[in-house]
Amino acid sequence: MNQFFPINKSFIEEIQDSMHLTKDDIRKDYEELTQNENFHNGLPGLTWDIRFSKIQQIARKHNLTFITMDRGIWKAPLVFDEYNKILYVFTSTLNLEEVIKKIENGNRTHYLYLITLNCPEGEEQLELIQDEDDNTYRLREAKKILDDLIDKVKNVVVVHYSYSKNAALDGTLSIMDDTAHIKESIKIKTFLNSNGNNNNDYHTEQKQYNNTSDNDIQNKPVIIWNSEKKKKTEKKRND
């Protein structure tokens, strides 16, 4: 069965305007508010705050559970679809790539690693660096974010775009595995145009994405596995 079928299509469709919002869309209002055309230190954060606020309104309209994730110096939304046991995360493709690299390099404290505890099993097993059992640690820390909802989360779907100054590109839905790596992905346009039962509508993590910064648009893979780690894993399997 196509794993993207349970994703709430009407919700994804309605949040597209919010995720398409760019810094250029609010730059004029921002400059009027700050009375300065030279310093834009708060512009990126304000852009995400507006996106998140709109997503909050849409989630409530769809009777989905909205969670404000407070990580100290920043806050971000999570949306939980209790019927389909799906937790939605919203970010940029660039940020998702960076988070995955951090986790591969040993970071076990990032929220994405914590909340994917009960997701489908990944093909690669990460080396554990926690002093205590990794699942115990993840469950304890995930409950600080989701409370008992973590026990209900069976899939985490990341909604992500590549952003340039004035464009949101390559909207993508990525289903995460239990090591916070991408298990499967589908372009949002393809998903919205699909009938929900075509198993060829999706692609795996090896697919190339556009990683977009303000000044540069280039292709790079979302996941770059550590080749030595892969060799060790393959050796263990053959022993």
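**Backbone, burial and a cavity in a predicted model**

Reader: Is Asn 63 buried or exposed?
Author: In this predicted model, Asn 63 has a relative accessibility of 71%. The cut-off for the exposed class is over 50%, so on that value Asn 63 counts as exposed.

Reader: Where in the chain does Asn 63 lie, and what is its phi?
Author: Asn 63 belongs to the loop that runs between helix 4 (43-61) and strand 1 (65-70). Although Asn 63 is not a glycine, its phi is positive, at about 60 degrees.

Reader: Which residue's backbone nitrogen lies 3.0 Å from a polar atom of the side chain of Asn 8?
Author: Asn 8 sits in the segment before helix 1 (9-14), and it is buried, with a relative accessible area of 16%. A polar atom of its side chain lies 3.0 Å from a backbone nitrogen, that of Phe 11.

Reader: Which residues is Asn 8 in contact with, leaving aside its neighbours within four places in sequence?
Author: Asn 8 has a relative accessible area of 16%, which places it in the buried class. Once the neighbours within four places in sequence are set aside, the residues in contact with Asn 8 are His 62, Leu 64, Asp 81 and Tyr 88.

Reader: How much space lies in the largest cavity?
Author: Rolling a probe the size of a water molecule over the atoms shows where empty space is left. With a threshold of 30 Å³ or more, the count comes to 1 cavity, and the space in the largest cavity is about 40 Å³.

Reader: Which element supplies the largest share of the lining of the largest cavity?
Author: The lining consists of Val 89, Thr 91, Asn 95, Leu 96, Val 99, Tyr 111, Leu 112 and Val 158, and by class it has 6 nonpolar, 2 polar and no charged residues. Strand 3 (86-92), helix 5 (93-104) and helix 6 (111-115) each supply at least two residues of this lining. The largest share, 3 residues, comes from helix 5.

Reader: What percentage of the residues in the protein is buried?
Author: The protein has 9 helices and 9 strands, and it exposes about 12,900 Å², of which carbon and sulfur atoms supply 44%. Of the 239 residues in the protein, the buried ones make up 47%.

Key: Residues numbered from 1 in each chain as written. Predicted model: local features only at pLDDT ≥ 70, side-chain atom pairs only at ≥ 80, totals over all residues. Heavy atoms only, no water. Helix = DSSP H or I, 4+ residues; strand = E, 2+ residues; numbered from the N terminus. Buried < 20%, exposed > 50% of the residue type's maximum accessible area, 1.4 Å probe, protein only. Areas by Shrake-Rupley, 256 points an atom, 1.4 Å probe, with all protein chains shown as cover. Polar contact = N/O pair within 3.5 Å; in protein donor to acceptor, adjacent residues only side chain to side chain. Contact = heavy atoms within 4.5 Å. 1 Å grid on protein atoms, 1.4 Å probe; cavity = no way out; pocket = protein on both sides within 12 Å on 5 of 7 lines; lining within 4 Å. Points joined across faces, edges and corners; volume = space filled by probe spheres on them. Nonpolar A, V, L, I, M, F, W, Y, C, P; charged D, E, K, R; others polar.
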